[in-house]
Amino acid sequence: TLAVKDDTEANNAWQQQSQTVTVNRTPIADAGPNRLVCVGEAIEFDGSASLDPDGTLVGYHWRFGDGAEADGSLVRHTYDQPGNYAVDLSIEDNSNTTCGSVASAAQVRVNTRPVAKADAERVGYTGGAHDDLVFDGSESYDPDGDILSYRWDFGDGNVKRGSKVHHYFQNPGYYTVRLTVQDDTGLACGVATDEVTVTISAR
């Protein structure tokens with residue numbers, strides 16, 4: 001309020017005028033949780049938890065870290081390549097002030113499928129005391145550096161776990177041995193397989 005007075009000492013010597021000043025509160029942006037997904041998986045990004053304490057939000061703008069962008073509080077996006085991406089959500093309130101916009105970030109990791117290597121084709125025997133074969137899958141790897149688990153299916157009803165295992169085939173024949181490796185993401189794209197043919201002959 002501004003009050004002014006002249007020097008007449010009259011009843012109307014005073015006049016005042018008021019102006020309202022609104023100090024805008026910066027809105028709060030929420031880009032949602034970090035994500036762990038597969039290549040090609042449609043991800044829903046929800047910024048509706050963002051809020052404006054003293055007004056309304058009028059704009060939501062997303063940058064997905066791979067060159068793509070979108071507008072809206074609820075959007076979907078798919079990544080075509082594995083990797084780590086920083087997702088940025090910028091929101092704007094209705095104040096039309098420099099403090100009326102703010103950003104929030106979330107991290108998205110797009111998992112790389114592991115690589116299974118079940119060793120070379122094998123020829124073995126059955127009937128002897130030391131006819132078990134060694135299967136080594138230790139050349140399998142995960143490009144993201146995740147921990148791998150190993151499962152061997154020998155095609156004869158037996159299954160073993162571990163990167164390096166021994167197995168004895170009871171009967172001669174041809175067997176398809178499958179190695180399945182799985183990373184620790186729990187995702188469908190965290191599994192890979194490789195097969196090796198084993199020929200077993202009787203002594």
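Q: What makes the link between C38 and C189 a disulfide?
A: In this predicted model, the sulfur atoms of C38 and C189 lie 2.1 Å apart. A disulfide requires a pair of cysteine sulfur atoms within 2.5 Å, so C38 and C189 are joined by a disulfide. A search of the whole structure finds one disulfide.

Q: Why is the disulfide of C38 and C189 called left-handed?
A: The torsion about the S-S bond of C38 and C189 is about -90 degrees, and the disulfide is therefore left-handed.

Q: Why does C99 count as partly exposed?
A: The relative accessibility of C99 is 28%. Buried means under 20% and exposed means over 50%, with partly exposed in between, so C99 counts as partly exposed.

Q: Why does G157 count as exposed?
A: G157 has a relative accessibility of 73%. The place of G157 is in the loop between β12 (149-153) and β13 (159-161). From C-alpha to C-alpha, G157 and A29 are 55 Å apart in space, and 128 residues apart in sequence.

Q: How do you know that β5 and β8 pair?
A: Six bridges join β5 (residues 57-63) to β8 (residues 83-93). Two strands pair if there are at least two bridges between them, so β5 and β8 are paired. These two strands run antiparallel, and R63 has D88 in β8 as its bridge partner.

Q: What joins β8 to β9?
A: The strands β8 and β9 (residues 101-110) run antiparallel and are joined by 10 bridges. The bridge partner of V87 in β9 is A106.

Q: What makes β10 and β13 edge strands?
A: An open sheet of five strands has the order β10-β16-β15-β12-β13, with mixed pairing. Within this sheet, β10 (122-126) and β13 each pair on one side only, and they are the edge strands. Neighbouring strands of the sheet are turned by 25 degrees against each other on average, direction ignored.

Q: How do you know that β12 and β15 pair?
A: Five bridges join β12 to β15 (residues 173-182), and the two strands run antiparallel. The requirement is at least two bridges, so β12 and β15 are paired. In β15, V181 is the bridge partner of Y150.

Terms used: Residues are numbered from 1 along each chain as its sequence is written. This is a predicted model: local features need pLDDT of at least 70, side-chain atom pairs count only at pLDDT 80 or more; totals for chains, interfaces and linings use all residues. Side-chain values use heavy atoms; hydrogens and water are left out. Helices (H or I, at least four residues) and strands (E, at least two) are DSSP runs, numbered from the N terminus. Buried means under 20% relative accessible area, exposed over 50%, partly exposed in between (1.4 Å probe, protein chains only). Axes are lines fitted to C-alpha atoms, for helices over the stretch in contact, and angles run from 0 to 180 degrees between N-to-C directions.
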